[in-house]
Each structure stands twice: as C-alpha cells, then as structure tokens.
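User: I am new to this structure. Please take me through the terms used for it.
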Amino acid sequence: MTIDKQQKPSAPRSRSRLAVCLCECAGTLAEKLDFLAISAAAGRLPGVARVVRCHALCQPGGCDQLLASLKDQRISRALIVACTPAYYRTALEKALSSSNINPHLVSRVNIREHCAWVHPDQRKATEKASRLIDSAVQRLRLAERVGTQRISLNRRVLVIGAGLAGMQAALDLADKKHGVTLITASEDLGGRALQQSVIPEAAERAQQLAKLIKLNRRISVLTDTTLQSLAGRFGQFQAHLLQDQIDCGAVIVATGQSQVTGPEQLAPITGTLTFDDLARMLQANRLSNLKRIGIILDFQSQLDRAATRAALKLASRARLLWGCETYLFCSHLRVSGPDLEQQYHQARQDGVVIIKSLSCPQITQQITAVRLKGTDEQTHREFDLVLDLLAVADVPQTNNGQADLTTKLRTGQPVDGSVQRDNVFLLPVDSGRKGILFAGSCRAPLEWTQALDEGSAAAEHAHTLLKDSATRAPAKLAEVEPAKCAFCLTCYRSCPHGAIAMDQENSAAVVVPIMCQACGVCVAECPAKAIELVDYTDSQLSISPASPGAAIVFACENSALLAADRAGLARMTYSSDVAIVPVPCAGRVDPVHVLRALQGGAKKVLILGCHDQACKYLHGINRAKARIDRLQSQLTELGLDPDCVQIGSLMAADAGRFVNFVTGDLQEITT
Ligand code: SF4
Ligand code: SF4
C-alpha cells in the first residue's frame with residue numbers, strides 16, 4: 001500500500017506572525033505542568049513569532065486583553081493553549097469579532113484536560129503538551145484566511161401539504177410577514193383532518209384554518225398541485241410545480257400521514273371496519289341492536305398515541321351508546337399523552353374489556369359474525385368470543401409518494417413511514433438540508449393538536465432562518481479543485497446535507513457554501529482527492545502529535561473530543577502516549593491519514609465518533625466505518641495486524657468509554 005505523494009504535508013502557506021498564547025489557568029496547573037519548559041519549547045518552534053502567557057483566559061476580559069496585546073504585536077495567527085474551549089469559546093468568539101484576526105487563523109490546544117489532569121507524571125504531561133503544541137503550530141501555519149460573503153434570502157416560504165400542520169405553518173408565517181405559497185395535491189384545503197370522524201374537533205379546526213387561509217392575502221393557495229423538482233440553495237430555492245415555478249427561501253413539508261393499510265390485511269373478513277367507519281356508525285347511531293363488538297388496536301405494527309386515544313374513545317362510545325359488550329384487543333396501550341391515562345380509566349369504568357396479548361387473536365369468519373380466539377397475557381385465560389362487529393386500526397406505511405418527494409428534496413429516503421431521518425440532531429422539524437423542514441404526521445404519527453404545534457414549530461424555525469433579507473456566511477468551507485474533479489458524483493451522493501451541485505458546463509462538482517456544514521465527508525469520499533476542507537486539509541491532518549510507539553486518536557469534535565474533556569474533568573488517567581487529533585466528524589478521516597500515522601511510528605490508530613443516530617452529520621460515522629472496514633481488510637491482505645486500526649462510537653458524556661477505548665479495554669466496533 002502506498003500513499004499519494006501529493007498528500008504529504010505541504011509547506012506553510014504564509015509567513016504571517018504566529019503567537020502561541022499560553023494560559024496558566026490562574027496558577028492551578030503549576031504542579032502539573034512545567035510552564036517554563038512548555039513556553040521555551042514553543043518559542044523554538046519554526047514560525048512562532050511570540051509566546052504570550054496569560055493568567056486566566058476564562059476570567060472576564062481575559063480574551064479581550066489577549067487579543068489587544070496580539071494586535072500591538074502585529075500577530076495574525078494565534079494558537080490558544082489552555083483548557084477545554086467550553087470555558088472560553090464564547091468570550092473568544094466575541095473578542096475575535098471585533099479584532100483583525102481571522103477566526104480561521106486561530107486554533108486551540110487543550111493541555112489541561114488532555115495533559116495536566118490525565119497524566120499524573122509532570123514530566124510526561126509537559127512533554128505531551130509540547131508535542132501537542134508543536135503539531136498544532138504546524139497545522140495552524142497551513143491554515144487559510146476565510147472571508148465571509150453576503151447571501152441574499154428570499155423570505156417567501158413554500159408549504160407543501162394543506163392539512164393541519166401545513167395550514168398552521170402557513171398562517172404563522174403570514175403573521176410574521178412572510179409571503180407563503182401553500183400547495184396541496186387535493187382539490188381543497190384540510191387534508192385527512194377533514195375526514196376525521198373519530199375526532200370531530202380535528203375536522204372542525206381544519207375547517208376554521210382553511211377559512212382563515214382563504215382570507216389571508218399573504219398566502220397563495222395552489223390546489224391539485226405537486227412539486228416536480230427543487231433547485232437552488234437555502235434562501236434561493238426554485239420550486240418547479242405542475243404548472244408554475246415558485247422562488248422561495250425555505251420549504252416546509254407537511255404532506256400528512258403516509259398511506260395507510262386498512263383492516264383487510266389483518267382480518268380479511270367481510271364487513272371488518274376501519275375506525276372511521278365505526279365512528280360514522282356511532283355518529284349516526286346505526287346498528288343499535290349489536291350484542292358484542294371488538295376493536296383491534298396494534299398487532300400489525302406499533303401504533304402511536306393518536307390511535308390509542310381513538311380506540312379508547314370509540315370503545316367507550318360504543319359501550320355507552322349501544323350498551324353492547326365491548327372488547328379492546330391490543331399488545332400495548334400507550335397512555336403517556338395528555339389525558340390518555342384518564343381516558344383509559346374512563347373506558348374501564350364504562351365497562352370496556354381490555355384484552356392484552358402479544359400476538360393477534362385468531363380471527364375466523366362466521367356466517368354473520370366474527371370469531372376471535374386467543375389467550376389474555378395478563379390473566380392467562382383463554383378467550384373465545386363471537387362478535388357482531390370488528391373494527392381494526394389503520395397502519396401507516398411508507399408510500400412511493402414520500403420516497404419520490406424526498407428524492408426531489410435530497411433529504412434521504414423515508415424510514416418506517418417517516419420522511420425525517422432517525423437522528424437526534426434533526427428533532428423536531430429539521431431535515432439535515434438547510435432550509436427544508438418537516439412538520440406533522442409526515443414526520444411521525446401525531447395527534448391533531450401535536451400536528452398544529454409542529455406546524456408552528458416549523459414556521460418559527462423558517463422565520464429564524466429567513467427573518468432578514470440577507471445573511472453572511474463563510475465564503476468557503478469545502479472547495480473542489482475543478483481540474484482534479486472526475487465528475488463521478490460521489491460527493492453529490494455522499495454529502496449528508498445536499499450541499500454539492502454539479503456544474504455541467506465545467507464538468508466539475510461545486511460546494512454551495514451556505515449549505516455546507518463543514519463535516520468533511522465528501523473530502524474523504526472523493527476518489528480523485530479533488531476536495532479540501534478548510535481547517536482540516538489532508539496536509540493538516542497528516543501532521544501527527546504522537547511520539548513513536550504512541551496511539552493516535554482521531555476524535556470527533558461532537559462526541560469523542562468532548563468525552564476526552566470530561567475524562568480530564570473527572571481526573572481519569574491514561575497513558576501520555578495517547579495523542580488526540582480533533583476532526584469535525586469521524587467521516588472526515590481518510591485511510592491515508594491512518595496510514596500516515598502508522599508510518600510515522602504510531603502503534604495504534606483509533607477513530608472515535610458518534611453513534612449512528614446521534615451523528616451530527618447524519619451518516620458520517622457510517623461512512624467512516626465502511627472505509628475503516630476496507631482498510632482493515634487491506635491490512636490483513638498485506639499480512640499486517642488489522643487491529644492496529646479501530647473505530648468506535650461514544651457520546652460526549654462517555655468519559656469512561658473514551659478511557660476504555662484509549663487504554664485498549666474496549667475494542668469492539670460499535671458504530
Ligand atoms: S467526488 Fe471528487 S471527483 Fe467525484 S464529482 Fe465529487 S469532487 Fe469530482
Ligand atoms: S463538507 Fe460535508 S456538508 Fe460540506 S459539502 Fe462536504 S459533505 Fe457536504
């Protein structure tokens with residue numbers, strides 16, 4: 001296996017003056033670190049113009065004073081050597097905003113939680129601090145100044161779907177003085193809420209909202225219309241509709257519950273009803289001569305609280321109105337919502353018999369009735385009931401329309417009937433693609449009041465993004481070198497945030513800065529090595545802070561780096577041979593960085609990132625795992641030990657897990 005020579009650390013780009021700013025943590029680390037030795041070693045490093053010592057950066061005015069002193073000395077690059085940036089980041093960012101130092105020319109090293117507090121031996125902790133400073137200075141010398149650019153924003157919002165969530169979002173946005181285009185594939189406003197017989201309040205509310213929308217001059221309604229395609233970027237999207245084109249700054253998707261399967265799948269029995277059928281019969285008070293009825297809730301799929309509420313309501317109503325024996329069959333009752341526990345007790349008081357069993361009762365058709373047989377899991381008693389009527393809850397399914405829509409929006413494929421990916425960073429209404437939001441039951445099965453709340457939440461989020469007619473954003477975060485680009489679309493497909501556009505004219509990929517979240521996934525995926533990530537270039541990540549025989553940890557800044565900080569705060573100890581290289585995401589780590597670290601003498605390389613559904617960049621950790629799996633196979637083929645490279649997942653709070661990984665007590669791959 002060879003490493004591309006082009007990826008060797010390149011020469012520093014700038015001769016600008018660089019200062020190492022050494023915070024003494026108010027004297028609290030004097031016994032743990034030899035500051036004189038650290039300061040002297042830093043002063044001897046190539047490219048370091050000054051070593052500035054400060055008493056306590058985190059104290060009021062600490063960052064301002066530091067930057068003022070750097071200005072006097074015409075410093076343009078600064079390495080802050082201190083504790084975890086959590087203690088001073090906000091103050092530093094504020095001070096930087098009024099200084100002449102570009103934020104991309106400032107870097108940080110944590111010698112308190114990563115050295116002083118985790119390595120009891122002062123000499124070893126001091127040596128490691130110097131190594132970390134050395135490698136950070138080399139990386140900072142390669143850093144590039146990045147300016148900002150003005151991005152114009154169209155304040156109009158396109159809302160797709162005119163059910164409860166979509167209509168609420170449109171009205172809230174109009175209240176905040178946004179132009180809104182509300183489109184629906186139906187003939188009129190209201191969506192499924194209008195057909196709600198089980199919860200008539202929902203239908204009533206839908207009618208009220210529809211009236212308000214028709215009177216609102218800021219909202220344009222287009223019925224019988226669907227989205228054909230979406231081009232552009234956040235702030236300047238172009239939505240191509242069936243017979244129209246809309247320019248807008250953001251899109252709210254509120255297409256409602258996905259397609260549902262009726263009762264026939266579970267009970268292919270003549271006359272089996274849906275909940276809506278049963279509600280209509282109760283409303284009309286038909287069939288009052290029934291003796292015994294049954295309601296089946298959740299054997300086809302786990303159902304939400306809305307279905308539970310509907311089942312309990314219908315059972316109580318039937319019991320009281322018709323006076324018939326009423327059985328509710330379920331595997332679980334979810335009663336955690338408002339008043340649901342009360343509704344459950346009410347149903348019991350009304351005489352509804354609730355039968356719980358893990359598997360669906362055996363259902364057979366009789367001439368004019370339905371027979372259900374099974375065992376109640378709680379009483380362990382068998383039941384054999386002949387029912388005059390059976391109603392079964394609908395089950396949401398992923399439908400082709402959803403998949404088609406998310407493909408057009410570039411927000412990833414629907415999962416389990418939800419258009420939103422299963423990731424904590426997206427909750428409650430985000431999509432991962434800036435400017436595209438989800439609301440209502442297209443995202444998760446919701447009760448009607450929750451759908452209204454989500455409409456408002458999405459509107460608030462869109463307003464936050466588009467409250468002004470322009471914003472400022474970094475001029476570049478990741479950049480494609482067109483001459484190297486093979487136009488293979490790998491980056492287009494792998495970017496978790498839909499931030500890559502394909503420039504057909506120049507046959508090259510282009511990163512759209514306002515959409516880019518600087519994760520670096522595309523950089524590591526690009527087979528032509530045509531993309532670079534500002535602040536984390538291949539050259540910068542190839543600089544190792546390790547001594548020979550040491551272990552290198554590429555630590556995701558959203559999880560592993562924070563876990564390392566916590567390990568320090570908790571005074572956990574591990575070998576000073578462990579050196580941390582911060583990365584924005586495990587997905588940024590390229591096998592080349594791993595090989596370079598091994599070539600440089602590291603005995604082990606760890607890549608530590610987030611858990612799958614907590615990855616800030618959605619699938620960065622999974623991309624990294626696939627790459628490291630391939631690398632381990634290649635190492636095996638070469639007769640090398642594949643275990644010298646490992647990848648693992650942890651959370652920011654997992655200090656113990658971090659220490660277990662770096663001490664070798666935890667080796668399983670847990671992505
Ligand atoms: S992955 Fe690399 S080579 Fe392929 S299109 Fe993107 S930039 Fe070009
Ligand atoms: S750095 Fe991340 S967000 Fe930016 S273009 Fe590359 S993959 Fe997309």
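User: What makes α16 roughly perpendicular to α19?
Analyst: The axes of helix α16 (residues 560–569) and helix α19 (residues 655–663) cross at roughly 100° and come within 8 Å. Angles of 65 to 115 degrees count as roughly perpendicular, under 35 as roughly parallel, over 145 as roughly antiparallel, and the rest as oblique. Therefore α16 is roughly perpendicular to α19. Axes are lines fitted to C-alpha atoms, for helices over the stretch in contact, and angles run from 0 to 180 degrees between N-to-C directions. Helices are DSSP runs of H or I with at least four residues, strands are E runs with at least two, and both are numbered from the N terminus.

This is a predicted model: local features need pLDDT of at least 70, side-chain atom pairs count only at pLDDT 80 or more, and totals for chains, interfaces and linings use all residues. Residues are numbered from 1 along each chain as its sequence is written, while chains are lettered from A and ligands numbered from 1 in the order in which they are written.

User: Which residues of α16 and α19 meet?
Analyst: Ala560, Ala563, Ala564, Arg566 and Ala567 of α16 meet Ala655, Arg657, Phe658 and Val659 of α19. Contact requires C-beta atoms, placed from the backbone, within 7 Å. By class, this contact has seven nonpolar, two charged and no polar residues. Ala, Val, Leu, Ile, Met, Phe, Trp, Tyr, Cys and Pro count as nonpolar, Asp, Glu, Lys and Arg as charged, and the others, Gly among them, as polar.

User: Why do β2 and β4 stand at the edges?
Analyst: The open sheet has four strands in the order β2-β1-β3-β4, with parallel pairing. β2 (48–54) and β4 (106–110) each have a single partner strand, so one side of each lacks a neighbour in the sheet.

User: How do you know that β3 and β4 pair?
Analyst: Two strands pair if DSSP finds at least two bridges between them. Strand β3 (residues 77–82) and β4 have five, in the parallel sense. Ala78 has Val106 in β4 as its bridge partner.

User: In which sense do β18 and β19 pair, parallel or antiparallel?
Analyst: Strand β18 (residues 370–375) and strand β19 (residues 382–387) pair in the antiparallel sense, over six bridges. Val370 stands opposite Leu387 in β19. The two strands form a hairpin with six residues between them, and His380 in the turn has a positive phi of about 60°.

Key:
Contact = placed C-beta atoms within 7 Å.
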